[in-house]
Amino acid sequence: MARAAEGSASAAMPAALAASQPDALKALASWPRDDAAGWRELAGLWGVAAALPGTGDPCPALRAQGLRCFRNSGITLAQLRQMDRPGLLALHLGDGQVRWTRLQSLAADRVIVAQAGESLSLPLAEFSRLWRGDFATVW
């Protein structure tokens, strides 16, 4: 089985755009709405260039490449820390807007999320306001 190239989600916080709340929401709002890019990024961390569907469930294609999927809509912050792995998070921006981002790093007071080569550092309080427990990952 391949090993994730990026390491754990609780690794030292890399340089990322630290944003105030309005700036963070504006940056997140500009990110893609679907989760397809995030699934491809996760697969890439494991050294798999999976041909994933543009819409729908990517797990069958990932399984065909030797990866397993995990999804849950009720993960707590404590469980997220315990899993200690990159994954996809649904962030709720309001007015029904959801952005799927990749968890890059989780520290005591900050969370770094990423999407398509961009990363954003959020204070834990802001992250907690936007995240409702949706999490997905591969291994």
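This is a predicted model: local features need pLDDT of at least 70, side-chain atom pairs count only at pLDDT 80 or more; totals for chains, interfaces and linings use all residues.
The side chains of glutamate 41 and arginine 102 are joined by a polar contact of 2.8 Å, a polar contact being a pair of N or O atoms within 3.5 Å, where, within protein, one must be able to donate a hydrogen and the other to accept it, and where residues adjacent in sequence count only if both atoms are side-chain atoms. Residues are numbered from 1 along each chain as its sequence is written, and side-chain values use heavy atoms, with hydrogens and water left out.

To stay with this pair, arginine 102 also forms a salt bridge with glutamate 41, with 2.8 Å between the closest N and O atoms; by salt bridge I mean a side-chain nitrogen of Lys or Arg within 4 Å of a carboxyl oxygen of Asp or Glu. The two residues come from distant parts of the chain, arginine 102 from strand β4 and glutamate 41 from helix α2 (residues 36-45), and they are 61 residues apart. Helices here are DSSP runs of H or I with at least four residues, strands are runs of E with at least two, and both are numbered from the N terminus. Arginine 102 has a relative accessible area of 10% and is therefore buried, where buried means under 20% relative accessible area, exposed means over 50%, and partly exposed is in between, using a 1.4 Å probe and protein chains only. Leaving aside residues up to four places away in sequence, glutamate 41 touches Arg102, Gln115, Ala116 and Gly117, with contact taken as heavy atoms within 4.5 Å.

On one side, β4 runs antiparallel to strand β3 (residues 87-94), to which seven bridges join it; strands are said to pair if DSSP finds at least two bridges between them. Within that pairing, tryptophan 100 of β4 stands opposite alanine 90. The hairpin of β3 and β4 has two residues between the strands, and aspartate 95 there takes a positive phi near 50°. β4 also pairs with strand β5 (residues 110-115), again in the antiparallel sense, over four bridges, and here leucine 103 has valine 113 in β5 as its bridge partner. These two strands form a hairpin as well, with three residues between them.

How many salt bridges does a search of the whole structure find? It finds three. Another of them brings together the side chains of arginine 71 and aspartate 57, at 2.6 Å from N to O. Arginine 71, with 43% relative accessibility, counts as partly exposed, and aspartate 57, with a relative accessible area of 42%, is partly exposed too. There is also a salt bridge between glutamate 126 and arginine 129, whose closest N and O atoms are 3.0 Å apart. Both of those residues lie in helix α5 (residues 124-130), three residues apart, or about one turn of the helix. Glutamate 126 counts as buried at 8% relative accessibility, whereas arginine 129 is partly exposed at 43%.

Turning to the rings, the structure holds two aromatic pairs. Rings of Phe, Tyr and Trp, the last by its six-membered ring, pair if their centres lie within 6.5 Å, and planes under 30 degrees apart count as stacked, over 60 as edge-to-face and the rest as tilted. Phenylalanine 70 and phenylalanine 135 have ring centres 6.5 Å apart and planes at 55°, so this pair is tilted. It links distant parts of the chain, with phenylalanine 70 in strand β2 (residues 69-72) and phenylalanine 135 in strand β7 (residues 131-138), 65 residues apart. Phenylalanine 70 is partly exposed at 27% relative accessibility, while phenylalanine 135 is buried, at a relative accessible area of 1%. For phenylalanine 127 and tryptophan 131, the ring centres are 5.4 Å apart and the planes at 20°, so that pair is stacked; phenylalanine 127 and tryptophan 131 are both buried.

Finally, the chain as a whole. The protein chain has five helices and seven strands, and 44% of its 139 residues are buried. Among its contacts with a separation of 6 or more, 68% come from residues 24 or more positions apart.
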